[in-house]
Amino acid sequence: MSSRLSQRIAFALLFLATLVVVLPVVVILAIIVAKGASAISWEFLFTMPRDGMSAGGILPAILGTLYLVLGAVLFAVPLGVAAAVYLVEYSGDNRFSRLVKLAIVNLAGVPSVVYGLFGLGIFVIFFRFGASILSGALTLGIMILPVIITSAREALESVPRHFRTVSLSLGASRWQTIRHSVLPHALPGILTGMILGLGRAAGETAPILFTVAAFYLPRLPQSVFDQTMALPYHLYVISTQVPGVPENVRYGTALVLLALVLLLNLAAIILRSRFRARKKW
Amino acid sequence: MSMGDYCIETRGLDLFYGDFQALTAVDLQVPARQVTALIGPSGCGKSTLLRVFNRMNDLIDGVRVAGTVRIDNEDIYAPGTDLLRLREKVGMVFQRPNPFPLSVYGNIAFGLAVHRLAGRREYGMVVEQALRDVLLWDDLKDRLHQSALSLSLEQQQRLCIARVLPLKPQVLLMDEPCSALDPIATLHIEDLMRKLKRDYTIVIVTHNMQQAARASDRAGFMYLGKLIEFDETASIFTHPRQELTENYISGRFG
């Protein structure tokens, strides 16, 4: 076989592999849009469900997911970034920090339903938050902590060493060095972790199943101690638990969930690019 | 020269990285407001010695120091030494120009903000003075808010020198400050050193013997962690007393 021919075959195979990877994404999007777009209306987005969820809107589920995601991020980002700063800037490489790093990697591999049970045990029962937005957001927050910590660590480690050296040589304390010479430059990477966490928190069903999600609750939550509907669980309910929900309502709900995640990501990406731009001033 | 004129004085200075002894029994007396050059082949310990003076070696795990180091008659390795104040007093310029990815202004204001040396309203004046001192003001006065990374390498290195001046240090440590610069820029930085030594004690590590000969008043030759010879630069280069020194400066090794 000539070298030119083998090269062609290799490139063709690589292209095919790429196609196979992209295809499911395109197909999923196409099907959801095709089957769900007809359900999207003002009423669908901004009113309460009616007739046992087979008609009306999904506003409580949209808002519920929004609250949960924002709560999870509000909890996990400061905590995760603080832990990452400690691991990268302070602890050095000792047995304890290696153990913590190992624990974080393992935490990322824990099935989400286990997080749900954990949240039920800790937040709902032990702390007596009950099934509430607070319990759900904290559970989701703990679930996305590994992602936040890992990406924040990578971001901190990629800040050039000499930023720290120079800052210290100018008589800055270690904390001033971190605060002024390291963290600002790690911010885009930290936001990337936040974006990944956002998407995961928005889509998971299992962690909210026991901690917050309401089967059918056609009113808006009044405080963080209220239960709420949420999009992923609502989707599960109308797809498997409630007979007679029209197909376009189910796909429409999926479409809204996708759009919401996309929108949140977009906002975070815009934020990140603004920080990147400012870095170059 | 009386004792009081020495700015930096080491006695019996040993430094270990773990088990490796990087400096052995260094006795050095650096006169105030002169340029003192440390020369010697790679790995001879000259950069290590330089980093003793602002204790940047402390950042490396397993560093141990014995002997005494006095700067301005203060033992800088005494227990309870305030490292932040020491580094305010002993500024450092590194081998590669390494401004922060901030504006020109932001780079110089950094030290002021960290040490709360001036009110915000005085920053402008201090920044201007620092830039004048390194002869950058005329070039940069309209570009204060541009990124420091957009400057030429020479300008960046001048900026790095300007960055330490607002702290009013007594000593400027320069670790091969010209090795990333072209010959013309190198001469400019040397001119600047001659100007700055009126106000600052300068210790420079250099690989470039012509540079040491041109720019320094005193020179020390180091080899394998020892200070072999330390004298007026003119004597070191015209009639060195040690054979090792002569071999090195005549280019027979190193």
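Me: How many residues does the contact take from chain A, and how many from chain B?

Reply: In this predicted model, the contact takes 18 residues from chain A and 22 residues from chain B.

Me: What is the area buried between chain A and chain B, and what part of that area do carbon and sulfur atoms give?

Reply: The size of an interface is often given as the accessible area lost when the parts come together. Here the area buried between chain A and chain B is about 1,800 Å², and carbon and sulfur atoms give 69% of that area.

Me: Which elements give two or more residues to the side of chain A that touches chain B?

Reply: Those elements are helix 7 (161-169) and helix 8 (174-203) of chain A, and helix 7 of chain A gives the most, with seven residues. Sorted by class, the side of chain A that touches chain B holds six nonpolar, 10 polar and two charged residues.

Me: How many salt bridges and how many residue pairs in polar contact are counted between chain A and chain B?

Reply: The count of salt bridges between the two chains is zero, whereas two residue pairs are in polar contact, both at pLDDT 80 or more.

Me: At what angle do helix 7 and helix 8 of chain A pack?

Reply: Two packed helices are described by the angle between their axes and the distance between the axes. For helix 7 and helix 8 of chain A the angle is about 145°, with the axes 9 Å apart, and helix 7 of chain A passes helix 8 of chain A in a right-handed crossing.

Me: Which residues in helix 7 of chain A meet helix 8 of chain A?

Reply: F163(A), R164(A), S167(A) and L168(A) in helix 7 of chain A meet residues of helix 8 of chain A, including R174(A) and H185(A).

Terms used:
Residues are numbered from 1 along each chain as its sequence is written. Chains are lettered from A and ligands numbered from 1 in the order in which they are written. This is a predicted model: local features need pLDDT of at least 70, side-chain atom pairs count only at pLDDT 80 or more; totals for chains, interfaces and linings use all residues. Side-chain values use heavy atoms; hydrogens and water are left out. Contact means heavy atoms within 4.5 Å. Buried area is the accessible area (1.4 Å probe) that two parts lose on being put together, summed over both. A salt bridge is a side-chain nitrogen of Lys or Arg within 4 Å of a carboxyl oxygen of Asp or Glu. A polar contact is a pair of N or O atoms within 3.5 Å; within protein, one must be able to donate a hydrogen and the other to accept it, and residues adjacent in sequence count only if both atoms are side-chain atoms. Helices (H or I, at least four residues) and strands (E, at least two) are DSSP runs, numbered from the N terminus. Ala, Val, Leu, Ile, Met, Phe, Trp, Tyr, Cys and Pro count as nonpolar, Asp, Glu, Lys and Arg as charged, and the others, Gly among them, as polar. Axes are lines fitted to C-alpha atoms, for helices over the stretch in contact, and angles run from 0 to 180 degrees between N-to-C directions. A crossing is left-handed if the near helix is turned anticlockwise from the far one by less than a right angle, and right-handed if clockwise.
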